[in-house]
Amino acid sequence: MSAVEARLEEALKEVLDPELGYNIVDLGLIYDVVVEDSRATITMTMTTPGCPAVEMIRNGVVERASAVSGLTDVAVNVVWDPPWNADRMSEAAKAHLGF
């Protein structure tokens, strides 16, 4: 993992799912991050396709990623396939949420 990718991962941990109150990285909502030169492409999902916080979370990702030193462009793709499930969560997130 490059230094920019490490800073990006830490920045994305600042984005919280407002309904679950936990960061999107540990919730397993981030499917892929590709950094090429100074451009980051982030592929992510939500816990449900009807999530009312899609734009709020997506905007948080763009905001936090855009503030990462070394990045000048950020693209965020929200996908629904594969669907999210609780197996994607970190052990810390599972413990926090009582899984």
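## A tour of the predicted model

Select glutamate 63 and arginine 64. They form a salt bridge, and their closest N and O atoms are 3.4 Å apart. (A salt bridge is a side-chain nitrogen of Lys or Arg within 4 Å of a carboxyl oxygen of Asp or Glu.) Glutamate 63 is exposed, at 52% relative accessible area. Arginine 64 is partly exposed, at 27%. (Buried means under 20% relative accessible area, exposed over 50%, and partly exposed in between, with a 1.4 Å probe and protein chains only.)

Some ground rules. This is a predicted model, where local features need pLDDT of at least 70, side-chain atom pairs count only at pLDDT 80 or more, and totals for chains, interfaces and linings use all residues. Residues are numbered from 1 along each chain as its sequence is written, and side-chain values use heavy atoms, with hydrogens and water left out.

**Colour by confidence.** pLDDT is the predictor's confidence in each residue, from 0 to 100. The chain's mean is 96, and 100% of its residues reach 70 or more. Now pick out helix H1, residues 3-12: its mean of 95 is the lowest among the elements. Strand E4, residues 39-44, has the highest, at 98. (Helices, H or I with at least four residues, and strands, E with at least two, are DSSP runs numbered from the N terminus.)

**Show the sheet.** Select E3, E4 and E5. They make an open sheet of three strands in that order, with mixed pairing. (Two strands pair if DSSP finds at least two bridges between them.) E3 (30-36) and E5 (73-78) are the edge strands; each has a single partner strand, so one side of each lacks a neighbour in the sheet. From one strand to the next, the twist averages 15°. (Axes are lines fitted to C-alpha atoms, for helices over the stretch in contact; angles run from 0 to 180 degrees between N-to-C directions.)

Zoom in on E3 and E4. They run antiparallel, joined by six bridges. For one example, select valine 34: its bridge partner in E4 is threonine 41.

(Contact means heavy atoms within 4.5 Å.) Next, show H2, residues 54-66. H2 lies across E4 and E5 and runs at about 155° to E5.

**Go to threonine 45.** Where does it sit? Threonine 45 is in the loop between E4 and H2. Is it buried or exposed? Threonine 45 counts as buried, because its relative accessibility is 1%. Display its contacts: leaving out residues up to four places away in sequence, threonine 45 touches Leu29, Tyr31, Val79, Trp80 and Trp84. Its side chain also reaches the backbone oxygen of valine 79, at 2.7 Å.

**Return to the salt bridges.** How many does the whole structure hold? A search finds six. Select aspartate 73 and arginine 39, whose closest N and O atoms are 2.2 Å apart. Aspartate 73 is in E5 and arginine 39 in E4, so this pair ties together parts 34 residues apart in sequence. Aspartate 73 is partly exposed at 33%, and arginine 39 is partly exposed at 38%.

Last stop: glutamate 10 and lysine 13. Their salt bridge has its closest N and O atoms 3.7 Å apart. Glutamate 10 is partly exposed, at 45%. Lysine 13 is partly exposed, at 29%.

Technical notes:
A polar contact is a pair of N or O atoms within 3.5 Å; within protein, one must be able to donate a hydrogen and the other to accept it, and residues adjacent in sequence count only if both atoms are side-chain atoms.
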